[in-house]
Amino acid sequence: MPCNLFGINIVDKPPDPSYSDKYSKSQISKLYCLSGHPTLPCNVLKFKSTTIMLDCGLDTTSVLNFLPLPLVHSSRLSKLPGWVSKDGTVNLEKELKECAGRVFVDSQPEFCLPERELLDLSTIDVILISNYHCMMALPYITEHTGFTGTVYATEPTLQIGRLLMEELVNFMERVPKAQSATCWKNKEIQRMLPGPLKDAVDVWTWKRSYSMQEVNSALSKVQLVGYSQKVELFGAVQISPLSSGYSLGSSNWIIQSHHEKVSYVSGSSLLTTHPQPMDQSSLKNSDVLILTGLTQMPTANPDGMLGEFCSNLAMTIRAGGNVLVPCYSSGVIYDLLECLYQFIESASLGTTPFYFISPVANSSLEFSQIFAEWLCHNKQTKVYLPEPPFPHAELIQTNKLKHYPSIHGDFSSEFRQPCVVFTGHPSLRFGDVVHFMELWGKSSLNTIIFTEPDFSYLDALAPYQPLAMKCVYCPIDTRLNFHQVSKLLKEVQPLHVVCPEQYTQPPLTQAHRSDLMLELQPPPMPYRRCSVLNLPFRRRYERVYILPELANSLVPSEIKPGISVATVSAVLHSKDNKHTLQSVPKPPPVPPSKKRKRVIEEPPVVLAPKPLLSGAVPLEAFLATLQKHGITEVKVEETADGHILHLQAEDTLIQLEEDGTHIVCDNNEPLRTTLRDLVLRFLQKL
Amino acid sequence: MPEIKVTPLGAGQDVGRSCILVSIGGKNIMLDCGMHMGYNDDRRFPDFSYITQNGRLTDFLDCLIISHFHLDHCGALPYMSEMVGYDGPIYMTHPTKAICPILLEDFRKITVDKKGETNFFTSQMIKDCMKKVIPLNLHQTVQVDDELEIKAYYAGHVLGAAMVHIKVGSESVVYTGDYNMTPDRHLGAAWIDKCRPDILISESTYATTIRDSKRCRERDFLKKVHESIERGGKVLIPVFALGRAQELCILLETFWERMNLKAPIYFSTGLTEKANHYYKLFITWTNQKIRKTFVQRNMFEFKHIKAFDRSYADNPGPMVVFATPGMLHAGQSLQIFKKWAGNEKNMVIMPGYCVQGTIGHKILNGQRKLEMEGRATLDVKLQVEYMSFSAHADAKGIMQLIRMAEPRNMVLVHGEAVKMEFLKGKIEQEFSIDCYMPANGETVTVTTNPSVPVDISLNLLKREMALGGPLPDPKKPRTMHGTLIMKENSLKLVSSEQALKELGLNEHQLRFTCRVQLQDPHSDPDTLHRIYTHLKSVLKGYTIQHLPDGTVMVESIVIKVSSSAEDPNTKVLLLSWSYQVKLSSFLMILSSPGISPV
């Protein structure tokens with residue numbers, strides 16, 4: 001505020017911009033998107049000096065480009081013709097085989113990994129896993145990259161995730177393939193290949209499966225957490241998993257500081273299946289909500305699919321055929337078995353054998369029974385009785401369901417037809433399922449029922465064509481659909497939503513279905529593989545703790561009704577991202593010095609700054625106060641903005657204005673001090 | 001000054017009917033609600049009239065937390081909730097929630113059906129009471145209300161036993177329940193993080209015991225059982241259905257397997273099958289080894305241990321029988337004891353703590369003649385052995401927990417006064433913290449000194465961090481200044497300027513001007529320049545500017561020069577500064593050598 005008396009202009013200096021700039025840069029929150037697969041996400045959030053990876057999903061759809069790995073020698077597969085370009089210039093008959101008009105790579109299947117060049121993976125502090133399907137790339141991230149951080153997951157996620165990895169490794173290792181095809185990856189050659197191989201991206205980064213040793217090492221970095229457990233990261237950020245209702249131990253994550261909140265929503269479900277229901281209310285008041293893992297089958301109703309599954313199964317068995325259900329070893333299979341448990345008697349399938357074949361079948365069935373805390377209420381109640389929460393225990397006890405580690409060994413002697421076989425892998429490229437495809441594919445009595453939504457069933461079946469067996473597609477995806485998610489978002493009202501770009505437009509095959517996309521205000525921020533997004537935070541406050549001694553010394557004064565202020569002078573201590581304020585220590589007593597130094601040699605003393613003032617000095621009351629202090633000869637002159645008081649005896653001027661007081665007083669320190677104190681009586685100090 | 005109050009209604013300098021009241025940050029929490037094995041009258045239950053003389057407890061308690069399923073920790077629950085009246089939340093872990101109603105029903109049956117007591121809680125009351133239970137998961141932070149949060153930690157005492165951390169604002173209390181700091185054959189060790197509670201309320205059953213190594217204890221136990229079996233004796237092991245029973249079963253099962261022994265081992269029926277089933281379903285609460293191998297071999301499926309029938313007690317030949325209850329105060333264990341007490345070949349092994357008043361306690365104290373109902377006396381000729389298999393922390397374990405949690409104060413409960421006294425001295429000496437051991441109904445008050453959480457404006461904080469660096473120099477503390485705005489429940493610390501803005505207040509400028517005359521023959525601009533040079537040389541480290549409009553500014557102090565009209569050599573220095581100016585002795589500096597004032 002300019003003050004102009006005697007021609008002196010005082011203009012407030014602009015604040016020094018250098019530091020605010022320096023600090024604000026490091027405060028920007030960024031999201032690095034390492035996977036373009038909306039249900040197998042891998043994002044890295046940089047938030048308040050921490051680097052947090054959200055999931056590390058492994059895109060296994062790449063294996064569809066490979067030839068199946070048969071468990072026993074398959075003459076059909078070995079007789080497939082090699083591929084030679086039409087003009088005959090490129091000959092890759094060792095690496096590529098043709099089957100029913102499509103070309104497949106004859107090599108150990110490879111996976112499409114999360115992007116590893118976008119940022120230095122060794123800088124990642126923590127990895128948060130939301131469910132066991134979204135951790136399959138973990139060994140690629142934690143091993144051989146310099147990663148030294150911690151992985152957080154719930155106990156079921158860890159245990160079942162371990163089983164799925166173990167199964168994958170086992171599938172690959174028990175049928176080792178010497179050949180590793182690389183020539184087809186040459187850019188020049190790939191261009192000439194037929195689709196979809198031609199269009200496959202980043203094929204050079206595709207990798208073979210990891211080893212069990214790498215799995216064990218990766219999983220040894222996992223720290224277990226429970227729902228709603230609050231974990232502090234470096235004192236700066238608090239993370240907490242919430243039940244997401246999708247699978248055993250599946251979670252969404254809250255990443256927050258005292259003033260900012262990011263919600264990470266991954267595979268979530270509102271349907272009543274076996275897991276604990278989704279915790280929705282804790283997602284409220286998010287600044288940013290990262291939304292991934294919506295249903296891949298937005299038009300398929302899971303209940304309807306389950307019904308179709310049962311009726312097709314029953315039909316095939318009655319006709320004397322076998323049913324093959326390619327599936328993962330955990331997850332929907334528990335629901336399928338439960339559904340069948342109720343269905344078997346009514347459909348008079350009581351004598352039909354059900355087989356579950358997987359190296360981890362037994363473990364998966366056993367583990368499902370011991371996670372009472374993570375189950376829905378009904379199942380918890382059963383445990384209290386005490387009874388096993390899943391009825392497959394009874395199916396096993398009554399010999400209706402049998403499980404085997406593989407088709408070799410006991411299974412081959414005990415196996416009876418017609419039967420129902422649950423086995424992996426759902427891609428039909430490896431695992432025991434390959435054997436059953438070869439065994440049953442030629443008969444139209446048999447049926448394959450697809451329940452997993454991760455792979456296109458047509459692509460999955462391609463290397464088995466021509467095929468006589470019936471194919472039924474009943475994908476069961478219990479994850480949120482667009483209708484449910486928009487309702488959820490209305491409920492929890494995040495300020496901003498970040499999601500894969502696929503969710504911001506209708507599916508390619510159903511371009512007219514505008515209901516199959518997210519429509520939000522403000523519009524969601526879309527990401528794709530390799531995007532780097534700046535997250536829109538407006539951070540204005542930080543938490544600081546005032547130590548009791550200082551707190552007790554503060555003198556609050558009421559400035560408006562219900563609002564008090566106190567000036568604080570304190571020493572700031574910042575340690576481990578926690579800030580505390582404590583009283584200014586009293587200066588140590590100056591040691592008595594014999595030499596009396598001249599004042600002039602002493603450096604000028606820096607005192608605590610005086611507070612800012614507010615309010616106005618009322619003329620009448622001020623005059624009265626002056627009088628009380630013996631200043632009686634006062635000439636008051638009215639001006640445009642206030643008054644000028646001339647203290648005649650003292651030869652002093654006081655200019656009183658609405659927003660300023662100016663005391664002009666020469667060489668009379670005591671008087672100046674008195675006047676100052678009198679003026680201060682009428683003003684508020686901030 | 002905020003205070004935390006701790007009042008035991010039970011388990012104050014005693015073991016039994018654990019029930020502790022805690023008042024913290026305006027919240028009232030009851031920890032455990034147990035019964036006393038040593039009494040059959042009113043003293044069996046905690047005295048809830050301490051809380052209120054009339055009316056329901058709901059209005060006085062914010063929540064009730066049960067640490068584990070032993071009756072001395074949950075036995076009064078249906079009485080408290082259904083007969084005295086409490087409808088608020090009751091928290092316990094899943095295994096506790098599963099097992100506790102079964103033990104309560106058992107307790108009710110013995111009391112009402114066998115002893116014929118009336119005015120006791122009914123089966124329906126147990127069910128109604130359990131409906132009020134909210135299950136707790138380990139490490140989950142449960143928000144009881146907006147301010148009160150609780151978190152459970154693994155306690156390792158029995159299946160589902162938990163310690164609980166209670167927090168309101170920045171004040172907190174940890175209650176251990178019963179815990180064990182050494183992993184055993186089926187449970188893991190208790191663990192808590194460095195949560196630095198204001199008070200740690202710990203059990204102290206084995207306050208003075210330092211138990212020998214677990215291996216020795218197990219070897220001793222097996223040796224005694226084996227010797228007795230070898231000479232054709234019968235071994236009675238009184239246990240509670242869940243807890244130590246499973247531990248000893250695993251121990252004997254593996255021993256029988258290894259030694260290829262044939263003598264039968266029985267487990268008194270009733271709860272057994274069920275009990276083992278609970279262990280199988282809650283396998284995640286057992287120790288790591290069992291959890292890791294459960295798919296291949298479930299440790300709770302016993303080959304050698306069979307269900308007991310009453311008639312077997314008279315069978316000839318050696319046998320081992322586990323029978324409930326554990327303190328020989330009633331039921332099957334007492335019946336068998338009476339049958340076998342007269343034969344010196346037989347043996348009873350007491351594997352746990354026995355409360356005063358029970359037969360278990362009496363025989364452990366060497367009593368050889370017992371008065372039974374109806375004036376009959378029982379001569380105790382069989383061997384009486386005590387093997388501490390209770391999964392309680394010993395003195396070493398308690399000290400270890402204190403080291404883990406780093407409490408500011410300590411309260412001992414669930415132990416005997418004399419032993420507590422000893423431990424209290426040890427704790428105070430080793431950790432230099434206050435240790436209390438309140439009796440029932442006696443209140444411990446601890447004043448806390450919490451820091452006040454405040455929201456500081458980022459601008460202010462960053463300015464401070466930029467100036468001072470992130471790590472303050474302890475020798476040169478930098479003082480920061482700001483204004484704390486207190487509005488409703490929010491506390492915001494902002495710069496004074498921002499405070500003015502936020503509160504919609506105008507700044508009031510208070511300025512001072514003074515004239516100083518000095519003799520200087522130079523022209524006005526020269527004089528000003530000389531002043532500038534002089535100040536520059538004297539005031540190191542200050543911003544001194546010579547502005548083109550003919551002023552010199554020292555920080556915010558303005559200096560102007562004009563000549564007096566009469567005498568051009570007499571200069572008038574105009575000094576103007578605001579109230580907030582930091583230089584105090586500025587005038588003195590001006591009047592220093594180099595410039596000669598008038």
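**Interface between chain B and chain A**

Between chain B and chain A, 32 residue pairs are in polar contact, both residues at pLDDT 80 or more; a polar contact is a pair of N or O atoms within 3.5 Å, where within protein one must be able to donate a hydrogen and the other to accept it, and residues adjacent in sequence count only if both atoms are side-chain atoms. The model is predicted: local features need pLDDT of at least 70, side-chain atom pairs count only at pLDDT 80 or more, and totals for chains, interfaces and linings use all residues. Residues are numbered from 1 along each chain as its sequence is written, chains are lettered from A and ligands numbered from 1 in the order in which they are written, and side-chain values use heavy atoms, without hydrogens and water.

**Extent**
- Chain B contributes 91 residues and chain A 101 residues to the contact (heavy atoms within 4.5 Å).
- The buried area is about 8,800 Å², with 63% from carbon and sulfur atoms (accessible area, 1.4 Å probe, that two parts lose on being put together, summed over both).
- On the chain B side, B:Leu281, B:His508 and B:Tyr579 lose the most area to chain A, together 9% of what that side buries.

**Salt bridges**
- The interface holds 4 salt bridges (a side-chain nitrogen of Lys or Arg within 4 Å of a carboxyl oxygen of Asp or Glu).
- A:Arg543 and B:Asp455 form a salt bridge through their side chains, at 3.0 Å from N to O.

**Strand pairing**
- Strand 23 of chain A (residues 541-546) pairs with strand 23 of chain B (residues 452-457) in the antiparallel sense over 6 bridges; strands are DSSP runs (E, at least two residues) numbered from the N terminus, and pairing requires at least two DSSP bridges.
- A:Ile546 has B:Val452, in strand 23 of chain B, as its bridge partner.

How values were computed: Helices (H or I, at least four residues) and strands (E, at least two) are DSSP runs, numbered from the N terminus.
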